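User: I have a structure to go through before I set anything up. Can you take me through it?

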Amino acid sequence: MNIIETKNLHKTYKESEIEVHAVRGVDLSFEQGEFTAIVGPSGSGKTTLLNMIGGLDKPTEGEIIIDGINISTLKGSKLIDFRLRKIGFVFQAYNLIPVLTAKENVEFIMNLQKRPKKERIKRAEDLLKAVGLGDRMNARPSKLSGGQQQRVAVARALASKPMFILADEPTANLDSESTRNLLEIMETLNKEENITFIFSTHDTRVVNKARRIITIDDGKVLSDEKK
Amino acid sequence: MSSFKIARRNIRRNKRRTVITAASIFFAVFFAVIMRSMQLGTYTEMIKNVVSSYTGHIQIHKKGYWNDKIINNTFPENTELEKTIAKIPEVEKVVPRLESFALASFRQLTKGSIVIGISPEKENNMTKLADKVISGNYLSKTNKGVLVAEKLASFLKLGVGDTIVLMGQGYHAATAAGKYPVKGIIRLNAPDLNNKIVYINLSEAQDLYSAPNMLSSLSILLKNSDDIKSVKTAISDKINPENFEVMTWEEILPELKQAIESDNISGQFMLAILYMIVGFGVFGTIVMMTVERKKEFGIMTAVGMKKIKLAGILFYETLLLGILGILSGFAVSLPLILYFSKSPVPITGDVGNTFKSFGFEPVIAFSVNPHFMINQISVVVVIVLIAYIYPLSYILKINPVKALRN
Ligand SMILES: Nc1ncnc2c1ncn2[C@@H]1O[C@H](COP(=O)(O)OP(=O)(O)OP(=O)(O)O)[C@@H](O)[C@H]1O
Ligand SMILES: [Mg+2]
């Protein structure tokens with residue numbers, strides 16, 4: 001069964017008189033357990049597409065159906081709540097809340113879900129251990145490297161037990177060592193726990209790990225290959 | 001975790017932000033408290049001066065005396081009444097006086113004067129009159145003699161040991177006339193009084209005016225000027241309103257009251273300007289601190305924090321910062337105004353002399369009245385709440401996609 005479907009998705013940005021057609025008719029569907037890369041040159045519409053799928057941005061035209069729900073019908077705090085329950089996010093940079101420690105950042109999302117304290121602490125610790133940060137749990141983001149911060153972000157995205165995780169260029173700011181490390185963690189989670197990952201990237205090493213590669217250019221899907 | 005706890009943690013963890021924002025509120029409180037304390041303290045000092053050097057906080061007269069200050073409008077001395085008033089817990093002193101006009105003469109010179117019959121001890125207790133003697137001696141209970149105000153004495157060209165002649169109209173149209181040795185010369189701060197006052201023993205005055213046992217006023221000094229209204233009511237309950245009038249210093253000296261009120265209005269205007277300046281300071285700081293956290297707020301709403309919850313956290317943060325600023329503002333300003341209220345700052349030079357010529361002690365005094373501090377707190381709380389509108393609307397409008405874009 002498809003967990004995500006986009007139907008004839010369009011996004012047009014209008015800045016003063018100039019219209020930018022960032023996404024122009026995208027029909028895609030994603031299944032549980034995918035490990036999918038969205039690739040394409042800069043400005044091709046990857047971020048725009050992921051933001052719309054994540055319910056952060058509204059399409060100008062078309063529909064997004066997640067878990068059977070057309071998310072355009074969700075407004076305001078309903079949409080925020082939907083994101084909280086269904087979607088995990090990893091952004092390119094500035095992922096974490098600066099005043100919170102690694103563990104608190106992971107707990108934060110379970111806090112929003114009003115999970116009991118004991119469960120929150122245990123799960124946060126387990127997840128941070130799983131991403132290899134068992135010894136940095138009480139460090140604040142400013143004391144962590146970029147790669148460590150992205151691993152905390154992955155742990156946080158997982159904490160809410162989402163249907164899928166969207167990651168927009170999660171490795172763009174990382175060195176190759178950290179990139180390999182983060183990717184290994186994502187792959188393991190995908191294989192062992194059947195977590196669905198959809199990520200955009202420029203990086204060929206990242207692309208090579210993907211089991212499905214969607215290439216977009218100029219707001220349209222050029223190719224969609226499964227390995 | 002509750003919004004309040006999250007807010008508390010944010011305040012504790014981001015020290016720089018906390019210090020800057022609380023400091024802006026601190027300055028608002030600090031300046032407002034010092035400024036207002038100085039204003040109110042100076043008024044209180046003026047009132048205290050006038051009240052303790054002459055009028056008292058409250059006076060009791062025979063009904064009609066204030067409109068027609070003739071010797072016939074006097075009332076018989078009544079030790080019972082004096083005692084019951086003295087027993088009112090807020091009352092500090094009760095001073096009896098008999099006051100009337102007289103022509104004062106020495107050799108060829110004559111001038112209109114006001115003769116005040118006093119009980120030397122009681123009078124000195126309240127007005128420290130003995131300290132104002134610049135030559136000769138203060139009156140004692142038994143001596144027959146007078147104290148003459150400096151300017152009156154120099155007009156009449158008389159000195160200590162000379163004999164002054166007082167002439168006027170006595171009770172029920174009797175003639176009042178008497179010769180008195182000058183015991184001392186006194187200097188009164190208020191020029192008006194320094195020109196025409198003659199102090200004499202109460203019993204002598206009663207003899208002079210053929211008004212045995214009569215008084216024109218009981219002046220009452222209170223421990224605290226805040227109690228004027230309640231004490232006035234308490235006194236009014238104890239006397240017969242057919243026979244007596246009870247007046248506060250405000251009714252006795254409406255010009256002073258007006259002068260203070262108009263000065264107070266300009267003071268409040270200054271205060272309003274101060275509040276506007278510090279209000280913009282607080283607002284600007286909060287705006288800066290909000291914009292600085294754009295990405296943090298973006299992340300929070302992106303991953304699923306409801307805006308209303310975020311607004312709640314920011315509300316508590318602002319409130320806590322407000323409390324922190326207010327407390328620290330008071331922590332610093334309170335000891336200062338407490339200190340200066342005990343030892344007022346003297347004013348020297350021309351300004352000091354102007355103060356003196358109006359009969360006021362030349363000092364900048366400070367008030368520690370809790371009422372005005374509560375007012376300051378309320379104003380600052382309102383400023384902080386107004387400033388909160390900015391982060392609130394910022395949160396409600398925030399778009400996570402835009403907030404997260406580099
Ligand atoms: N908020 C916006 N307002 C106006 N134009 C925008 C906005 N966001 C994106 N665009 C434009 O839409 C197009 C697609 O942008 P998008 O960020 O989706 O590309 P991308 O594939 O993610 O690029 P990159 O690889 O550089 O991240 C670009 O031309 C971009 O300038
Ligand atoms: Mg992008």
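Analyst: This is a predicted model, so confidence comes before contacts. In chain B the lowest confidence is in helix α13(B), residues 349-357, with a mean pLDDT of 75. The highest is in strand β6(B), residues 146-149, at 96.

User: What does chain B average overall?

Analyst: Chain B has an average pLDDT of 90, and 99% of its residues score at least 70. For the complex, the predictor gives an ipTM of 0.91 and a pTM of 0.79.

User: OK, aromatics. How many pairs over all chains?

Analyst: The search of the whole structure finds 15 aromatic pairs. One of them joins Phe75(B) and Phe244(B). Their ring centres are 5.2 Å apart and the planes are at 80°, which makes the pair edge-to-face.

User: Which parts of chain B does that pair tie together?

Analyst: Phe75(B) is in strand β2(B), residues 75-76, and Phe244(B) is in strand β12(B), residues 244-248, so the contact ties together parts 169 residues apart in sequence.

User: Are those two buried or exposed?

Analyst: Both Phe75(B) and Phe244(B) are buried.

User: Which rings are linked into a cluster?

Analyst: Ring pairs link Phe4(B), Phe315(B), Tyr316(B) and Tyr388(B).

User: And which charged residues lie over a ring face?

Analyst: Arg97(B) lies over the face of Tyr54(B), 5.1 Å from the ring centre. Lys111(B) lies over the face of Phe155(B), at 5.6 Å.

User: Switching to the surface. Which residues make the nonpolar patch?

Analyst: The patch covers about 620 Å² and is made by Phe4(B), Tyr316(B), Leu319(B), Ile323(B), Leu327(B), Ile377(B), Val381(B) and Leu385(B). Two elements give two or more residues to the patch: α12(B), residues 307-342, and α14(B), residues 370-397. The largest share, four residues, is from α12(B). Phe4(B) and Tyr316(B) belong to the ring cluster and also to this patch.

User: Where does Ile323(B) sit, and why does it count as partly exposed?

Analyst: Ile323(B) is in helix α12(B). Its relative accessible area is 42%, so Ile323(B) counts as partly exposed; that class runs between 20% and 50%.

User: Last one: Val278(B). Where is it found, and how far is it from Ser24(B)?

Analyst: Val278(B) is found in helix α10(B), residues 254-292. Val278(B) and Ser24(B) are 254 residues apart in sequence, yet their C-alpha atoms are 7.4 Å apart in space.

User: Why does Val278(B) get the class it does?

Analyst: Val278(B) has a relative accessibility of 11%, so it counts as buried; the cut-off for buried is under 20%.

How values were computed. Residues are numbered from 1 along each chain as its sequence is written. Chains are lettered from A and ligands numbered from 1 in the order in which they are written. This is a predicted model: local features need pLDDT of at least 70, side-chain atom pairs count only at pLDDT 80 or more; totals for chains, interfaces and linings use all residues. Side-chain values use heavy atoms; hydrogens and water are left out. Rings of Phe, Tyr and Trp (its six-membered ring) pair if their centres lie within 6.5 Å; planes under 30 degrees apart count as stacked, over 60 as edge-to-face and the rest as tilted. Buried means under 20% relative accessible area, exposed over 50%, partly exposed in between (1.4 Å probe, protein chains only). A charge sits over a ring if NZ of Lys or CZ of Arg is within 6 Å of the ring centre and within 35 degrees of the ring normal. Patches are made of residues with over 30% relative accessible area and no salt bridge: like charges are joined within 9 Å, nonpolar side chains (Val, Leu, Ile, Met, Phe, Trp, Tyr) within 5 Å. Accessible areas come from the Shrake-Rupley method with a 1.4 Å probe; for residues, only the protein chains shown count as cover. A salt bridge is a side-chain nitrogen of Lys or Arg within 4 Å of a carboxyl oxygen of Asp or Glu. pLDDT is the predictor's confidence in each residue, from 0 to 100.
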